[in-house]
Protein chains: 2
Amino acid sequence: MSRHFRKLLEHHWSEGRFVCVGLDSELEKIPSVVQQRNSDGSLAIKETIVAFNRAIIEATHDLICAYKPNTAFYEAHGLAGIAALEETMGLLHTIAPNVPIILDAKRGDIGNTNNGYIASAFDHLKADAITLHPYMGKKSLQPFLDRTDKGIIILCRTSNEGADEFQNLSIEGEELYKKVARQISTQWNHNNNCGLVVGATCPNELREVRTLVDTMPLLIPGVGAQGGSVEETVRAAKDSHGAGMIINSSRGIIFASKEKDFAEAARRETDKLHHLINQFR
Amino acid sequence: MSRHFRKLLEHHWSEGRFVCVGLDSELEKIPSVVQQRNSDGSLAIKETIVAFNRAIIEATHDLICAYKPNTAFYEAHGLAGIAALEETMGLLHTIAPNVPIILDAKRGDIGNTNNGYIASAFDHLKADAITLHPYMGKKSLQPFLDRTDKGIIILCRTSNEGADEFQNLSIEGEELYKKVARQISTQWNHNNNCGLVVGATCPNELREVRTLVDTMPLLIPGVGAQGGSVEETVRAAKDSHGAGMIINSSRGIIFASKEKDFAEAARRETDKLHHLINQFR
């Protein structure tokens, strides 16, 4: 059975699921109760990350529309971290076979070089979607855009402080992030496989982007720990069908408790966000 | 002895060395003469890439100012590729201990997440510099900018076809790439550790950037295989001391020959580029 990012996503949307759990499994924040040890007593990095992710995935997979591991938290640990990411991707396909996986890698290189990232994300890691930087333009990302089965999710208006430095610069009366949204919507999306990252921390920009991109999926970080309001986010981001949203929470869910109830706490926070979203859409 | 990217670079510049060898060691292009085999006869991926890189490094290290492995070509092979990159970084520190290593990773995430990429690039891989996307702004990249010993090299005007889609958009009479150059030069470079990527395929833009950034290092891909002229590049990119350039060639050097003379051919092409640069600066 061939997987198709957009179809998997739409299935979950049709059932009212819009939460994305960010597997930003920072080793230092993993509750001590799941720490695994090597025979010499040292921390077993790969095993600890995988054990933590397994518990989070088992506790949350029926409530959400996507998982989003961020590569930075895995690359931080060299080969052990990459191995943990590979095992996590395998677990996701086993435990949650219908939940699409967005690899939050924020890559972007020239055309032929991107084939390496494509092999990594889609062949080795078996992700269903990837996040990319727009700066080098459509032609550079064409090898990604050609993957009709995958989600190609481009940074548009990010949630971080200082994102406006370039993204909100005015180009002939229109901010750069709007130009990016417009180009992707009208020029890049021939395979109907594009999405955009727009932060919950800027609901005005979220609303502006939604008006430009019809039903394109918006990946929305920034609720919870970063302070974005769920109500404002949903009102600004939903499309004409009350869908189109992938609302991510990472720390707010996976590190909701540092104790042995961490998985139940993660489920509780996921469920809370799930209901809050549905209250406002 | 602590390493310092800018000082290592300036040492090589003072000796007239400006060539950067791009270790874009695409497995499929590695000459069959260096292919290593597993006991079952299959291609030994890690060993083949490392053997190839070793030969290239041994043949070129005294002629150049930097090496630049691009992570995409290594990530393409999963764990075996990452292991090949780690071993290559070790070889570089052993065979060419004074040549700075630029990890061409084109990363960029929000602040605290970037700490994972920093651990990967600087702690695990022991790179001296990294390439980054500017799109998320200075505040997102602050953890990189705080690393005074490292080179923080930001994409400004890239060499690929279609790079102008966003980079040449006009913002109040000035193109985005110039705005990026100006911001980095005046706002980001407090630690004198920034550099910019500007392609040899656009010498006019290269000249414009140089006028904006004084002696900031410019990492210049696009001579050779991508068609940039060395003469135009050097005339446009050199600073007031005839330096400031890291002129990269990847395929044109490392895949100069597919035969068993590939390492000598790489040296010959490196030497040719080295002399051409010095003829025009």
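Tutor: The model discussed here is predicted.

Student: Are α2(A) and α4(A) roughly parallel or roughly antiparallel?

Tutor: The two helices pack at an angle of about 25°. Angles under 35 degrees count as roughly parallel. Therefore α2(A) and α4(A) are roughly parallel.

Student: How many residues of the contact of α2(A) with α4(A) are nonpolar?

Tutor: On α2(A) the contact includes I45(A), I49(A) and V50(A), and on α4(A) it includes L91(A), L92(A) and I95(A). By class, 3 residues of this contact are polar and 4 charged, while the nonpolar ones number 10.

Student: Which element gives the most to the side of chain A that touches chain B?

Tutor: Chain A and chain B put 46 residues each into their contact. Elements of chain A that each supply at least two residues include α4, β3, α5 and α8. With 8 residues, the one that gives the most is α5(A).

Student: Which residue of chain A has the C-alpha nearest the axis?

Tutor: Chain A is superposed on chain B by a rotation of 180° with 0.0 Å of shift along its axis. The two copies are thus related as by a two-fold rotation axis. At 2.4 Å from that axis, the nearest C-alpha in chain A belongs to I171(A).

Note on methods:
Residues are numbered from 1 along each chain as its sequence is written. Chains are lettered from A and ligands numbered from 1 in the order in which they are written. This is a predicted model: local features need pLDDT of at least 70, side-chain atom pairs count only at pLDDT 80 or more; totals for chains, interfaces and linings use all residues. Two residues are in contact if their C-beta atoms, placed from the backbone, lie within 7 Å. Helices (H or I, at least four residues) and strands (E, at least two) are DSSP runs, numbered from the N terminus. Copies are superposed by least squares on the C-alpha atoms of residues with pLDDT of at least 70 in both. Axes are lines fitted to C-alpha atoms, for helices over the stretch in contact, and angles run from 0 to 180 degrees between N-to-C directions. Angles under 35 degrees count as roughly parallel, over 145 as roughly antiparallel, 65 to 115 as roughly perpendicular and the rest as oblique. Ala, Val, Leu, Ile, Met, Phe, Trp, Tyr, Cys and Pro count as nonpolar, Asp, Glu, Lys and Arg as charged, and the others, Gly among them, as polar.
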